[in-house]
Structures are given as C-alpha cells and as structure tokens.
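Thanks for coming. I will take one structure and go through a few of its residues.

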Amino acid sequence: MHLCFIVVLIALSSFAVADENAAPQKPVPEPWKLGFDSITANDSYSYLEFLAADELEGRDTATRGLTIARKYIQSLYKTWNLDPAGDLKGDSRSFGQRIDMVEINIGEGTRIEIQSGTNAYRFEWEADFSGGMGVEIPGVLDAPAVFAGYGLSAPDLGYDDFTGIDVRNKIVVTSFGKPGGDRKDSPFNFPENRARFAGRYTPAETCARLLASKGALALLIVDESVGRADSPGGYIRGSRIRSSRRPLVAPKLSAAVPRVPAFWVSPGVADSLFAQSGKSFAEVKNEIDTKLEPQSMELPQTNVELHLDVRRTN
C-alpha cells in the first residue's frame, strides 16, 4: 500500500512568555509588531494545552491524534487570515502537503554480533537493544567499532568527540546524555546551550546525521535505562502514552537529509565492546564527566556485525 500523511506547512509561532530574569528584549521590527503584540500568555497556553493533551496520543504520524491536531492548526490559520502555500486543492492552495511514506517493520532477526578478541557475543533485538532510528534497508553492517564519547561536536564550547578519531566505515559507539550529566558548571547545562543537548532523540538524530556526513555506518548509543525501569537521567521507560504507532519514513526526506541507523543498547552490550580496551565503559564515561574532556578512542580487536531484518511496505 502507499502511505501518505499531511504535513502542516507553517509551524505555530514560538510564543514567548515574559521572564523577569530574561535578558532585555530586542525591539520588534515594525512590520511584525502588530502580530507580535497580539500574542498573549493565555492564548499560548490554550493552544499548547490542546495540542499536548493526552487525548491526542502524542500526535504520532498517521494517527487520529495527528489528524485532529492538523485540523485544529489549520482552523487557527484560517482565523488568523494566513495565506495557504501547500498543495493545490481545486483552484486554490491548501495548508497541507502530501508526502509519500513507507512503512518499516524491524523483524526478530535483527541482532548485534560482537567479536572481541577471541570472545564472541550475540545480542537480541528488543531484549538488549532498541530504537532503530534511521533503519530503512535490510542487510548486514560489518565493521570495526570506535568510541566517540557522547557523540557531540561543539567546537564553540571547546569540545569535540570526533577530534583525533576516524569514524569512516566504522560502527560508532556513544553514551546517552551529555558530558558532566547535570553538573551546573558544565557548559552543556548553561541556559543558552541547554536546548542543543537536552532530550532523548534530538541529540541522537543530530549525531546520526553528522556521522552520515563523516561516512560512518551505524550508531550504537549506550543507554543505562535499557533493561531497567528508569534511567539516571530521569527517563522512565514505558511512561509515555503509547499510540498505535506504525514506523513510517519518507524516502525523499531521508535521501535529502541522510542519517546512519541508530540503536540504543544496554550496558551489557557496552561491556562487550570495551572488553579489550583496558577500561570499562563506566570508567571512560566517568572520566569524561569528571574532566569535561573527550576520551574518544578505537575499540581494539573489536568488530561488530549489525544484522538488520527490515521489511518495507510501499
């Protein structure tokens, strides 16, 4: 079958709520002033309260919740007299754009096999690792492993996990989170930087795209919440509302902005990857968090086979 979904072309504005501790606001350009002055905190909260409601089930792709959210936003655009710039609907434009989608199902044959020195390890899908972001094509990725800290490149903060290592044609291992964890003296937690490094998926997706540009093959993110109910970072597995989600991808978008396949793996997978390095994953991670300096390195005598059992429905 051919799956499609509607994308709203114009995102809701980022409504700013006054903060007495915030820096002085720059003057608003005159052409925007009328619209800017019309934004109120009450309006902003009412929009977000509806869009973030549990009844919309996370607004996942191709779900009833997303359809409701789309129609709600479109009604706001009409109320605000915005000009639609989407697909043609009759003789006029609409607020939406249809994009072809492909359904991806990751099968039980997906697994990780690690050769560490003379020892062999095998890890199973959904037991030892999960995720599958960017996984679209079946096959086997077979390559040496390299550790790249937290997978961050922030030269403006004097930090780059990719300095001094070659990730081309490698399977890259990183840690979930950010250097220093919640340390207040870590620049990754400064208010002006927080949005760049916060959350679960945004940093991972940024890293997966960066690795694609560097010629890497895949990304394995060590996540201490895999196999447990919660994580030190406060993420509670299974706490989010579950929708009838079907993993959907847009091939044209994937081709335009490529990313490597990415999985979240358990500490057990990390232990096998570091078995020949002379230090454990926990020790290396602690060293990064203490010094706030990269500790990236090749993982000696360590080869990874990532078996991808993927079924596509067009």
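Leaving aside neighbours within four places in sequence, which residues is Gln-74 in contact with? Before that, the ground rules. This is a predicted model, where local features need pLDDT of at least 70 and side-chain atom pairs count only at pLDDT 80 or more, while totals for chains, interfaces and linings use all residues. Residues are numbered from 1 along each chain as its sequence is written, and side-chain values use heavy atoms, with hydrogens and water left out.

Now Gln-74. With those neighbours set aside, Gln-74 is in contact with Phe-95 and Gly-96, contact being heavy atoms within 4.5 Å. Gln-74 sits in helix α3, residues 64-79; helices here are DSSP runs of H or I, at least four residues, and strands are runs of E, at least two, numbered from the N terminus. Gln-74 counts as buried because its relative accessibility is 15%. Buried means under 20% relative accessible area, exposed over 50%, and partly exposed in between, with a 1.4 Å probe and protein chains only.

Next, the loops. Asn-81 lies between α3 and β2 (88-89), and has a positive phi of about 60 degrees although it is not a glycine. Asn-81 is exposed, at 65% relative accessibility. Asn-169, in the loop between β10 (159-160) and β11 (171-175), also is not a glycine and has a positive phi of about 60 degrees. At 49%, Asn-169 is partly exposed.

Last, the core. The largest nonpolar core has 38 residues, and Ile-112, Phe-263 and Leu-273 have the most contacts inside it. Such a core is a set of buried Ala, Val, Leu, Ile, Met, Phe, Trp, Tyr and Cys residues joined through side-chain atoms within 4.5 Å. Apart from it lies another core of 17 residues, including Trp-264.
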